[in-house]
Amino acid sequence: MKAAVIYFTGTGNTLRVGEVFKAYLENIAYNVDMIDITKHSRNLKDYDLFITGTPTQNSVSTFNMNDFIIKYISKKNNPKARFITYVTHSWGTAFGHLTLKDFISRRGFEVVGARAFIAPNNFYMFRKDEPKFEEKKFQQTLRNIYDGVWNLMKSFTDGQVQIDQRSMLKKNLWYARSIFTKYTVFSRFAKMMIKVDSDKCSKCKVCVNKCPNNNIVLSNNRIQFSNQCLACGRCLHICPKNAYLLSNKPFEQYEGIKKPIVELI
Ligand SMILES: Cc1cc2nc3c(=O)[nH]c(=O)nc-3n(C[C@H](O)[C@H](O)[C@H](O)COP(=O)(O)O)c2cc1C
Ligand code: SF4
Ligand code: SF4
């Protein structure tokens, strides 16, 4: 059997959760491809299972996953394929796994699982009420992710559908709101919110090369942004000099989940 874990990640959480799905599926003899949607540009063919994951923004999944599915995954090329959707998020209730499920169902595929996973927060510096993720919670969070994936996949192998129940009204409201935000705020996120302290910046171009949407250039010896930001936060946290400023202020970087979750729990 052939599966693909298809993911978008800004700072690694969604990839790390995807790796747990991969480990489970390999245990039951699936061949599993890991596909980063920002690096892949060919049609996918003859898969039995797709697992699609994104970070949560504005309580829903990121829209580049919808664009990827439209472009590269057709029913014709994958007549047997079923889907499982997931999101990683940091607080409250997330709806992205369900809005993604709705989108995929409308394209004629069967969705057999959908789940949101609380992960360490990469957005704490924007929210005064959300302090940086505490180390002591870290281990338990990883354990919950691992158990959550195992539980969902056990249902899948037992032939059961496991889809979180959430408020339909809130889901639809957040979805509508996030379509608006995508064009008005998130695409301009870097330009509006981020600057680089040129005294700290070594012009190494790590941020330029790692931005998933080519939204950063080094021009006239200064880091500059375009209006194609995905609001993923990668540049902020990846800069080796911590030279980024948010709303003109420095901040402590998110270090991410440094190893595969199966090695950390
Ligand atoms: C611009 C932005 C918006 C976010 N919005 C939400 C949100 O609405 N709800 C939430 O729980 N987490 C939110 N987060 C936190 C991320 O979803 C969370 O840290 C996620 O695990 C990051 O995944 P990644 O490491 O794969 O990029 C947001 C993060 C960013 C950068
Ligand atoms: S990663 Fe940091 S130090 Fe390197 S070019 Fe970007 S802002 Fe400057
Ligand atoms: S510029 Fe935008 S898309 Fe690029 S890494 Fe930074 S937050 Fe992500």
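The shell around ligand 1 draws on both domain 1 (2-178) and domain 2 (193-246), with at least three residues from each. A residue belongs to such a shell, or is near a molecule or strand, if its C-beta atom, placed from the backbone, lies within 6 Å of it. The domain bounds come from an automatic or database domain assignment. This is a predicted model, in which local features need pLDDT of at least 70, side-chain atom pairs count only at pLDDT 80 or more, and totals for chains, interfaces and linings use all residues. Residues are numbered from 1 along each chain as its sequence is written, while chains are lettered from A and ligands numbered from 1 in the order in which they are written.

Ligand 1 has 24 residues around it, and Gly10, Asn13, Thr14, Pro55 and His89 come nearest. Helix H1 (13-27), strand E3 (49-57) and strand E5 (82-89) each supply at least two shell residues. E3 gives the most, with three. Helices (H or I, at least four residues) and strands (E, at least two) are DSSP runs, numbered from the N terminus. By class, this shell has seven nonpolar, 17 polar and no charged residues. Ala, Val, Leu, Ile, Met, Phe, Trp, Tyr, Cys and Pro count as nonpolar, Asp, Glu, Lys and Arg as charged, and the others, Gly among them, as polar.

Ligand 2 is surrounded by residues including Cys201, Cys204, Cys207 and Cys239. Its shell divides into eight nonpolar, one polar and three charged residues. Lys203, Lys205 and Lys241 are among the surrounding residues.

The C-alpha centres of the two domains lie 27 Å apart. Nine residues of domain 1 are in contact (C-beta atoms, placed from the backbone, within 7 Å) with eight residues of domain 2. The touching side of domain 1 has two nonpolar, seven polar and no charged residues.

Notes
Two residues are in contact if their C-beta atoms, placed from the backbone, lie within 7 Å.
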